[in-house]
Amino acid sequence: MNNEQGAMRQERFPPSAFSLPPLVLSRARIKSFLACPRQFQLRLLERRPWPRRPLSADQEARLAKGQAFHQIVQRYFARLDTAVPPHDADVNRWWQAFQRCPPPIPAGDGVRLLPEMSLTILVPGFDGRILLTGRFDLLAVSDTAAHIFDWKTGRPRPLSDLRHDWQTRLYLALLAEGGQAVRQVVPPKQITITYWYAAAPDAPRTIAYAAAEHSRTLADLQAIAAQIEALTGRAEWPLTDDLTHCGSCPFQVICGRVSALAASDEPVEWEPEPVAAQLEPELPQ
Ligand code: SF4
């Protein structure tokens, strides 16, 4: 290749167009940005070391049990062996509750059950620069409906809280926008999400979706993406005003917030995330 050809190639395909990988937003990353843009910048854009926050023995045990329960349910829907570790009374109790009071999973010849399914889509209007991703514990899909299921081993939350949680909003939007991965098209009115709590197995929380709600969620996601892009290039993104976020943040020294409120000792809950977007398990809200 002579110099002239090299110059032409550079002009037609500027290196910057290929050098920046897309930014992947999960529900945990969205929550991180909304809680503190500076934390999002330090951790996800500058890749500062994020030492895992020390957990109490009780929290560690809770996490391990939650993970074990999710794996058992995943194996169940994958038609694999579901032997429960006999020494773990909590996991056994949750699994028995699941079998005794299962969530309202659709049945029939036309229903496909897809455990631990990940879905990634583009944020509309951002030319592939920002993606959205999520992983469903179970997706039940037929020609007329698509139902997301999520298993919880923590404290049950009211429907009104769950309806506004970013997990609910993101997962519903992912399926409405990316439904082609499982079916030709999935209109919002055919989509629902159900949270099944091991502590309240006979009271699953089901939330329906609708076109108007989808438009609002997409607009909010685009606004978040626009805020992130507007901050890109700034040396220091805004610090949160809420010191409770700083109490469990390892960047306190960088931010001069070492006297922030101490971290909560709430029990943690196992919350699987797509590999490309993993953060620590979250504290139940
Ligand atoms: S210490 Fe507080 S202000 Fe600093 S990154 Fe963490 S949460 Fe944000």
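Colleague: What makes His214, Thr217, Leu221, Ala225 and Ile228 the buried residues of H9?

Modeller: In this predicted model, local features need pLDDT of at least 70, side-chain atom pairs count only at pLDDT 80 or more, and totals for chains, interfaces and linings use all residues. Residues are numbered from 1 along each chain as its sequence is written. A residue is buried if 20 or more other C-beta atoms, placed from the backbone, lie within 10 Å of its own, exposed if 12 or fewer, and partly exposed in between. His214, Thr217, Leu221, Ala225 and Ile228 are therefore called buried.

Colleague: How do you know which side of H9 they are on?

Modeller: They cover an arc of only 75 degrees around the axis, so they sit on the same side of H9; the arc is that of the directions from the helix axis to the C-beta atoms. On the other side, Ala212, Ser215, Ala219, Ala223 and Ala230 are exposed.

Colleague: And what covers the buried residues of H9?

Modeller: The cover includes strand E1 (23-25), helix H3 (27-35), strand E3 (130-141) and helix H8 (166-178). Contact here has C-beta atoms, placed from the backbone, within 7 Å. Helices (H or I, at least four residues) and strands (E, at least two) are DSSP runs, numbered from the N terminus.

Colleague: Why is the span of H9 called close to the expected one?

Modeller: The expected span is 1.5 Å times one less than the number of residues. H9 (residues 211-231) has 21 residues, so 30 Å is expected, and its first C-alpha to its last reaches 30 Å. Just after H9, glycine 233 takes a positive phi of about 100 degrees.

Key
Two residues are in contact if their C-beta atoms, placed from the backbone, lie within 7 Å.
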